[in-house]
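Hi,

Here is the structure I said I would pass on.

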Amino acid sequence: MGKVIAIANQKGGVGKTTIAINLAACLGVLDKNVLIIDSDPQANATSGLGVYSDRIVGSLYDCLVEEVDPNTIILATNSPNLDILPSSIDLVGAEVELVDIEEREFRMKKLINKINKKYDFIIIDCLPSLGLITINALTAADSVLVPVQCEFFSLEGYGKLKNTVNLVQSSLNPNLTIEGIVMSMYDKRLRMANMVIEEIKDIVSDKIFDTIIHRNSKIGEAPSLGQPMIIYDAANKGSANFLNLAMEVLKQNSDENAATYTPQTNLNDE
Ligand SMILES: Nc1ncnc2c1ncn2[C@@H]1O[C@H](COP(=O)(O)OP(=O)(O)O)[C@@H](O)[C@H]1O
Ligand SMILES: [Mg+2]
């Protein structure tokens with residue numbers, strides 16, 4: 001059975017999709033079978049992995065609302081060992097269409113149960129809201145990984161997400177854990193970014209990954225070419241950030257390939 005990790009934070013633009021795409025791609029390069037589920041109607045993970053409408057035969061909407069078999073919808077990406085369950089704009093309507101359905105919070109869990117055996121990791125890229133689709137993702141997930149931008153007010157967003165996680169734990173999914181917080185878009189030239197990291201370390205008791213994702217122009221460019229960083233420019237420092245994050249996730253999940261890996265903070269990377 002694959003481990004299901006939801007990448008969530010109800011704030012937009014904090015690096016969820018970027019981390020989802022690149023963590024998934026790096027786990028694939030490290031020989032794991034990986035599925036990314038794009039649960040944001042904006043479909044940035046879908047296009048960011050080079051999957052465009054000419055190949056898409058259906059989307060997460062069809063699987064959630066119409067209960068279409070996900071095996072008929074999932075597509076391979078150009079990145080090794082990485083498949084995608086694409087999103088589409090229809091998903092905007094799903095929140096409303098699911099409201100009257102029985103066990104509406106468990107639709108994604110049911111869907112994942114149909115495909116879980118094929119994968120080592122299933123990464124869900126969540127949308128920036130705490131609505132029914134995100135609740136479905138958290139109900140289906142084993143853990144939640146939270147990207148937090150190195151900015152003021154980022155802890156406020158984290159607090160709200162934690163409340164939702166607590167709620168889901170107490171009613172829908174008691175086994176849900178926090179995989180950890182990933183600090184994203186770090187710019188070491190900004191004193192504020194360092195202050196935010198210190199503040200988060202002081203206040204938050206959840207795991208904070210040692211790997212920090214630096215702000216890097218190539219990371220911003222790669223999705224427009226439909227490629228994860230590791231395919232776009234494997235030698236770039238940004239690719240190393242994501243590979244280290246993937247190793248840290250493997251280590252935390254007792255994967256033998258990461259047994260000797262020692263995570264290190266990389267605050268001073270270029
Ligand atoms: N480390 C980074 N360095 C440079 N640009 C980044 C980085 N992480 C994300 N971005 C860019 O910032 C924007 C928002 O990131 P995204 O991952 O889409 O956030 P979210 O999914 O939380 O809305 C995107 O244009 C993305 O390419
Ligand atoms: Mg996104």
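Which residue in E5 does Ala6 stand opposite? Ala6 faces Ile124 there.

Before the rest, some housekeeping. This is a predicted model, so local features need pLDDT of at least 70 and side-chain atom pairs count only at pLDDT 80 or more, while totals for chains, interfaces and linings use all residues. Residues are numbered from 1 along each chain as its sequence is written, and chains are lettered from A and ligands numbered from 1 in the order in which they are written.

Back to strand E5, residues 121-125. (Helices, H or I with at least four residues, and strands, E with at least two, are DSSP runs numbered from the N terminus.) E5 pairs with strand E1 (residues 3-7) in the parallel sense, over five bridges; strands pair if DSSP finds at least two bridges between them. Strand E2 (residues 34-38) also runs parallel to E5, again with five bridges, and Ile36 has Ile123 as its bridge partner.

Five of the five residues of E5 are buried, so the strand is largely enclosed by the rest of the structure. Buried means 20 or more other C-beta atoms within 10 Å of a residue's own, exposed means 12 or fewer, and partly exposed is in between, with C-beta atoms placed from the backbone. In a regular strand the side chains alternate between the two faces of the sheet. Here Phe121, Ile123 and Asp125 are on one side of E5 and Ile122 and Ile124 on the other, and both faces are covered.

Ile123 also turns up in the largest nonpolar core, which has 83 residues; Ile123 is among those with the most contacts inside it, along with Leu23, Ile36 and Ala246. H1 gives the most to this core, nine residues. (A nonpolar core is a set of buried Ala, Val, Leu, Ile, Met, Phe, Trp, Tyr and Cys residues joined through C-beta atoms within 7 Å.)

H1 (16-29) comes up again at ligand 1, where H1 and helix H9 (217-221) each supply at least two shell residues. H1 gives the most, with three. Of the 17 residues around the ligand, Lys16, Thr17, Thr18, Ile219 and Gly220 come nearest; near means a C-beta atom, placed from the backbone, within 6 Å.

For contrast, look at Ser254, in the segment after helix H11 (237-252). Ser254 has 8 C-beta neighbours inside 10 Å, so it counts as exposed.

Cheers
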